[in-house]
Amino acid sequence: MPGPPRLDIDALIHDPATRIIVCCGAGGVGKTTTAAALGLRAAEQGRRVCVLTIDPARRLAQAMGLTELDNTPRPVVGIDGGGSLSAMMLDMKRTFDEVVEGHSDSERAQAILDNPFYQALSSSFAGTQEYMAMEKLGQLRSEADRDGTWDLIIVDTPPSRSALDFLDAPDRLGTFLDGRFIKILAAPARGAGRGIGKILGAGFSLFAGVLTKILGAQLLTDLGAFVGAVDTMFGGFRERAEATYALLQDPGTSFVVVAAPERDALREASYFVDRLKQDGMPLAGLVLNRVQQVRAPELSIEQALAGAERIRAEDPATAALLQLHADRMRIAERQGRLARRFTVAHPGVRVTDVYALAEDVHDLDGLREVGSLLACSDAES
Amino acid sequence: MPSSDWPNVVLHVVSGKGGTGKTTVAAALALGLARGGRSVMLMEVEGRQGLAQLFDTPPMPYEERRLASTPGGGEVWGLAVDPEEALLEYLEMFYNLRRAGGVLRRMGAVDFVTTIAPGLRDVLLTGKAVELVRRRDKHHARAYDAIVLDAPPTGRITRFLNVNTEIAGVAKVGPIRNQADGVMAVLRSDKTAVHLVTLLEEMPVQETTDGVAELEDAALPVGGIVVNMTRPPLLPDVADLAALTPSRVSATLTQAGITPNAPLIQALLADGEDHVARVELERVERARIAALGRPVYELPALSGGIDLAALYELSDMLTEQGMA
């Protein structure tokens, strides 16, 4: 059976038409490392790159010289070649605050920032990260278009419960803002009960009663004040959400799905691939990460194990080497089977393999190594 | 049978970095706890249908279903919680307002609660777990002897469990506040233990370390650490691998009936170097886990993958080590 078509990473990052690369995939498959390695490789080949990471492991952040979460792209030092690399960690609360500040006068902005409902929403509630990652991507892109600071933005995606929540975020926000619910919430701030009645007409009293009963009067007041305060900026929010969604569908955007050669991660990858297709999002291909490397495939499992038995007594160390080789072959076989299943289900999807490294990446050299593994794939052309 | 390290715990929360196998560990723990005729609820909250895949059943609706039985008449039940259904159920339970659900749905309020403000989704999910803990049968005995919650990953677990504290910050009084306080009281009590699953790798161990600190800061009860997918060392002392020379390997391969050649020898020695590096890395990570001062349980990597038989095998190991 022929292998999958090869994902040519260098062609992707060389192409000046590639302006955004989104790395997505299940948690724990090496998404952030892949994003950083792609960024470094692109920069060292002359691109001016900004990498947006969501929640990098400490040592990976240190590898890129990121010591604090300050929501601003910082230049990474030690880049070879003519390009440049900046990296940042997303600070979702700061990003949210900036949106608020950018869309209302200072008095109104302060009222929102001080609102307890806003404070909970912006700093603690899960899900805000998805919205803010996309918001930040939109900001970086506008900055790139305006100032020419970067010609390639690489974004890591949050480890959501559904890792494609970020795709739905702008759309959900739009649907929500069109809904009547938002108007009801805003109503108490505009002048108590009568306002609600006008908006809703019949059936409203049941609803208002439910809300008060469930939420409690005080929470309802805070919520109403919050919604009332942000009411004027909703138009802006909505436009931005739609612009971000359109940006993701732009031909200059490429999605790279990252997976490990394991059942669950590949199942998730299948789901991403289908979903991206459905939404008309441009898919570059699959990075199959942490693949077991086999250094001597010509020595079969049976030969190695039989040989190991014969010599175990006199040379246990060499027997252990043969055993090790057999184990690696077994793992590689199982991974190969799983990868083939993915390819059969998604025959057109380009794939590149990256061997598992003995250690986690903690410096630029480590990222360079991952980058070169990404670029030279074993998959057939 | 060894006694359990967690005799008072009713709610076992299982978290871990993505890819560490927390769903598998949660299922094995549930099977272990069900021994001796006990009835255990295994609950998933991330909408991934992980339990259906693991137990090889069709996708589960929002309904308590029996997944497996254990020797001695024990039972493991499963529940895949759907936030929307949980909301409607919550309305009915506390306010007798199920009828209002349709209205709320049309208003976009259900969307609001379950997607726009996902924090509220976590309120519903933790609330459901606590409801299962509190539920009594008609004889006033616990409906489930234990609840195992396949929880969000370590990076989000504290925020997830602590969400009701956030609610308390927003809702100063009222029924929501009372519900939030009640849920936090159970989650912070000795009836709850938050177990973290890790691998012997740098990043998962780092996340586990950070997770323990965050849980402790939030006054949430940290349980045990499960080191998953361990592989036994190939030799008592891996230094013997590092001491091998190409000529020695070449001579031994001939004895073993394998024709040696330079690339093969280089390949085998490189595999050996990788193994030595990994064993050393694992030694360092093991020490970091031990330094956390929590009970540690180990589960080996199973070569055949995970099926129901493998789950029973893993549950035996957890029972022997005192986790279940």
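Predicted model: local features only at pLDDT ≥ 70, side-chain atom pairs only at ≥ 80, totals over all residues.
Tutor: Residues are numbered from 1 along each chain as its sequence is written, chains are lettered from A and ligands numbered from 1 in the order in which they are written, and side-chain values use heavy atoms, with hydrogens and water left out.

Student: How is the aromatic pair of Tyr271(A) and Phe272(A) classed?

Tutor: Rings of Phe, Tyr and Trp (its six-membered ring) pair if their centres lie within 6.5 Å; planes under 30 degrees apart count as stacked, over 60 as edge-to-face and the rest as tilted. The search of the whole structure finds one aromatic pair over all chains. The ring centres of Tyr271(A) and Phe272(A) are 6.1 Å apart and their planes stand at 50 degrees, so the pair is tilted.

Student: Is Phe272(A) buried or exposed?

Tutor: Buried means under 20% relative accessible area, exposed over 50%, and partly exposed in between (1.4 Å probe, protein chains only). Tyr271(A), at 40%, counts as partly exposed. Phe272(A) has a relative accessible area of 0%, so this residue is buried.

Student: How many residues apart in sequence are the parts that Arg47(A) and Asp151(A) tie together?

Tutor: A salt bridge is a side-chain nitrogen of Lys or Arg within 4 Å of a carboxyl oxygen of Asp or Glu. Arg47(A) and Asp151(A) meet this way at 3.1 Å, N to O. Arg47(A) lies in the loop between α2 (31-44) and β2 (48-53) of chain A and Asp151(A) in the loop between α7 (128-147) and β5 (152-156) of chain A, so the parts tied together are apart in sequence by 104 residues.

Student: Which helix of chain B holds Glu207(B), the partner of Lys17(B)?

Tutor: Helices (H or I, at least four residues) and strands (E, at least two) are DSSP runs, numbered from the N terminus. The closest N and O atoms of Lys17(B) and Glu207(B) are 3.6 Å apart in their salt bridge. Lys17(B) lies in the loop between β1 (11-16) and α1 (22-33) of chain B, whereas Glu207(B) lies in helix α10 (residues 202-217).

Student: What arc do the buried residues of α8(B) cover around the axis?

Tutor: In helix α8 (residues 163-170) of chain B, the buried residues are Val163(B), Asn164(B), Ile167(B), Ala168(B) and Val170(B). They lie on the same side of α8(B), because the arc, taken from the directions from the helix axis to the C-beta atoms, is only 160 degrees.
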